[in-house]
Amino acid sequence: MPAVPNDVRPFAALDDVDRAILTELAADGRLPNNALAERVGVAASTCLTRTRALRECGAIRGFHADVDPAAVGLPLQALVSVRLTAHERAAVDAFRARSVRLPGVVSVFHVAGADDYVLHVRAASGDALRDFVLDHLAVDPAVAHTETSLIFEQVRGAG
């Protein structure tokens, strides 16, 4: 196991305070440190130190604004399932590396089952979504099959 800096704990070593911080930030990533500290029952300085350590160890991967896709001209969302032609690690890793850089890709999920990946994609229109699939996936020799599912509504869960 690689060395871990003294102020960074592996996930298994997270305690109840760390988990409480993660829970509160998952619900509201803009929560000020003093309010976060109060909610989890620790001093503000302790909360700040722990939050920094949680970022450094990767438990907190980032802070994001939940922007309505329509506000940025991408009102259409879809999940595009992708089945690869080959499953050697190099081919899988190469597809993942390419797919995260494709225009409109929000998330890439490596999944179990008949398909290998699911891409969450945003597009300006049905034509733009079709062009995305045809121009970036259908022509990729690593891709054997795609299936596109339109997202009618997205509701964020509590978890």
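**Helix 1 and helix 3**

I looked up how helix 1 (residues 16–27) sits against helix 3 (residues 44–56), and they pack at an angle of about 80° with axes 10 Å apart. Helix 1 and helix 3 are therefore roughly perpendicular to each other. I note the classes: under 35 degrees is roughly parallel, over 145 roughly antiparallel, 65 to 115 roughly perpendicular, and the rest oblique. Axes are lines fitted to C-alpha atoms, for helices over the stretch in contact, and angles run from 0 to 180 degrees between N-to-C directions. Helices (H or I, at least four residues) and strands (E, at least two) are DSSP runs, numbered from the N terminus.

The model is predicted: local features need pLDDT of at least 70, side-chain atom pairs count only at pLDDT 80 or more, and totals for chains, interfaces and linings use all residues. Residues are numbered from 1 along each chain as its sequence is written, and side-chain values use heavy atoms, with hydrogens and water left out.

Next I listed the residues that touch (contact means heavy atoms within 4.5 Å). Val17, Asp18, Ile21, Leu22 and Leu25 of helix 1 meet Cys47, Arg50, Thr51 and Leu54 of helix 3. I sorted this contact by class: six nonpolar, one polar and two charged residues. Here Ala, Val, Leu, Ile, Met, Phe, Trp, Tyr, Cys and Pro count as nonpolar, Asp, Glu, Lys and Arg as charged, and the others, Gly among them, as polar.

**Helix 1 and helix 2**

I turned to helix 2 (residues 33–40), which packs on helix 1 at about 125°, with the axes 10 Å apart. Helix 1 and helix 2 are therefore oblique to each other. Ala20, Ile21, Glu24 and Leu25 of helix 1 make the contact with Leu36, Arg39 and Val40 of helix 2. I find five nonpolar, no polar and two charged residues there.

**Helix 2 and helix 3**

These axes come within 8 Å and cross at roughly 100°. Helix 2 and helix 3 are therefore roughly perpendicular to each other. Asn33, Leu36 and Ala37 of helix 2 meet Ala44, Cys47, Leu48 and Thr51 of helix 3. This contact has five nonpolar, two polar and no charged residues.

In which order do the four strands of the open sheet lie? I read 2-3-1-4, with antiparallel pairing. Neighbouring strands are turned by 20° against each other on average, direction ignored.

Two strands pair if DSSP finds at least two bridges between them. Ser81 stands opposite Val118 in strand 3. Helix 4 (residues 89–99) packs on the sheet and touches strands 1, 2, 3 and 4; its direction makes about 15° with that of strand 3.

**Domains**

I noted domain 1 (16–57) and domain 2 (69–151), with bounds from an automatic or database domain assignment. Their C-alpha centres lie 35 Å apart.
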